[in-house]
Amino acid sequence: MSRRPGHVTTGPYAPPVPRTTLTVTSADGARLYAEVHGPEGAPAVVLAHGWTCSTAFWAPVVRELAAGHKVVLYDQRGHGRSPAAGPAGHSTHALADDLVAVLEATLRPGERAVVGGHSMGGMTLMAAADRPQLRERAAAALLCSTGSAELPAESRVFPLRSPQGRRRAHRLMLHSRMPLGPVSPLARSALRYATMGPGATAEQIEACARIVHACPPGVRARWGKVLAGLELTGGAARLELPTAVIAGTADRLTPVVHARRLASVLPDCRGLTELPGLGHMTPIEDAVAVAGRLRELVEDHLRATGSGTEAPAADGTTEAPRAPRQKKEKTA
């Protein structure tokens with residue numbers, strides 16, 4: 001019997017066909033699957049997905065951006081179509097190595113991008129804060145539904161009163177190698193509770209469930225162990241890029257307290273956007289909001305500064321640089 005694909009194949013949450021795909025080799029020899037969408041001459045956006053996800057997770061955001069942006073996606077090691085690494089290949093250092101390898105492999109000489117990361121992808125950006133390649137290649141950043149430290153203590157998937165009990169329960173969840181099994185009604189219900197807001201649609205839940213259930217249990221556990229001991233607050237404090245933060249107010253995995261903490265320590269925070277009632281899977285739950293924030297960063301820090309290539313308009317001409325504009329933040 002053929003295995004079901006690790007993502008939905010129809011509808012707005014199905015991954016669009018990339019313009020090109022490539023294999024990127026990281027510093028330790030790990031091979032990473034990457035893909036590029038949109039026009040080559042357009043302003044670039046590079047996106048890193050989170051724990052147990054894949055490039056497919058960004059599908060609705062790519063659909064919002066690809067007409068006027070070059071969008072680069074890659075599978076974190078062991079996820080999607082990137083082969084698993086050995087036991088020593090799981091660390092925040094490896095995450096940073098992989099990101100800078102993707103930037104160097106997919107951007108032209110002198111080309112810069114807005115970089116965005118969801119959950120573990122946001123942690124990837126923080127881990128790479130000291131890398132000269134990030135400072136040279138990234139014009140701005142978006143940290144989406146992520147945190148820098150104390151994940152087991154702050155998570156609310158298990159709403160236990162005791163801080164010690166809560167920390168222990170979430171640590172066990174992150175370390176678990178238990179197979180998730182097929183995507184069943186019970187599995188969908190559990191995933192929605194843990195990772196999504198109460199208003200998530202059946203289509204959104206199915207899209208997330210198919211992606212998460214496709215992640216191998218061993219990969220999930222090895223990266224979960226990294227997340228359980230995460231300490232990247234210093235990295236966030238050294239992320240010297242114009243950086244926006246976005247989070248759902250109903251996020252149980254990385255509650256909004258993490259986003260507020262990040263906004264307070266970032267050297268150049270360009271605003272915290274809180275999405276009322278949304279959970280952890282914000283790029284799927286509200287792709288328009290996430291893509292809109294990325295688009296604003298492009299306009300303010302690539303087009304407006306002349307540090308990127310202007311996007312081709314529908315008539316084949318290029319758009320003139322736009323001046324930075326004031327942000328209007330959504331709040332709870």
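# Reading a predicted model, feature by feature

Visitor: Where is the place of Val36?

Guide: You'll find Val36 in strand S2, which covers residues 31–37. Helices (H or I, at least four residues) and strands (E, at least two) are DSSP runs, numbered from the N terminus. Keep in mind that this is a predicted model, where local features need pLDDT of at least 70 and side-chain atom pairs count only at pLDDT 80 or more, while totals for chains, interfaces and linings use all residues. Residues are numbered from 1 along each chain as its sequence is written, and side-chain values use heavy atoms, with hydrogens and water left out.

Visitor: Is Val36 buried or exposed?

Guide: Buried means under 20% relative accessible area, exposed means over 50%, and partly exposed is in between (1.4 Å probe, protein chains only). Val36 has 5% relative accessibility, so it counts as buried.

Visitor: Which residues is Val36 in contact with?

Guide: Contact means heavy atoms within 4.5 Å. Setting aside neighbours within four places in sequence, Val36 is in contact with Pro18, Arg19, Thr20, Leu22, Lys70, Val71 and Val72. His175, by comparison, is 139 residues from Val36 in sequence and 33 Å away in space, C-alpha to C-alpha.

Visitor: How many residues has the largest nonpolar core?

Guide: In soluble globular proteins, nonpolar side chains tend to be buried together. A nonpolar core here is a set of buried Ala, Val, Leu, Ile, Met, Phe, Trp, Tyr and Cys residues joined through side-chain atoms within 4.5 Å. The largest one has 49 residues, and Val46, Val115, Met123 and Leu134 have the most contacts inside it. Helix H2 (residues 92–106) gives the largest share of this core, six residues. A second, separate core has 25 residues, including Leu73, Ala244, Leu294 and Leu297.

Visitor: What does Val115 contact, leaving aside its neighbours within four places in sequence?

Guide: Val115 is in contact with Val46, Leu103, Leu125, Leu134, Ala138, Ala140, Ala141 and Leu142.

Visitor: And which residues does Asp98 touch?

Guide: Asp98 is found in helix H2, and at 0% relative accessibility it counts as buried. Not counting residues up to four places away in sequence, Asp98 touches Ser26, Leu32, Tyr74 and Arg77.

Visitor: At roughly what angle do the axes of helix H7 and helix H8 cross?

Guide: Axes are lines fitted to C-alpha atoms, for helices over the stretch in contact, and angles run from 0 to 180 degrees between N-to-C directions. The axes of H7 (residues 185–195) and H8 (residues 202–213) come within 10 Å and cross at roughly 95°. That makes H7 roughly perpendicular to H8, a label for angles of 65 to 115 degrees (under 35 is roughly parallel, over 145 roughly antiparallel, the rest oblique). Ala187, Arg188, Leu191 and Arg192 in H7 meet Ile205, Glu206, Cys208, Ala209, Val212 and His213 in H8.

Visitor: How many disulfides are there?

Guide: A disulfide is a pair of cysteine sulfur atoms within 2.5 Å, and the count comes to zero. The sulfur of Cys53 has its closest cysteine sulfur in Cys208, 6.9 Å away, which is too far for a bond. Cys53 counts as buried at 3% relative accessibility, and Cys208 counts as buried at 1%.

Visitor: Which way does phi go in Thr52, positive or negative?

Guide: Most residues other than glycine have a negative phi. Thr52 has a positive one, near 70°, and lies in the loop between strand S3 (44–48) and helix H1 (59–65). Glu150 also has a positive phi, about 55°, although it is not a glycine. Thr52 is buried at 6%, while Glu150 counts as partly exposed at 44% relative accessibility.
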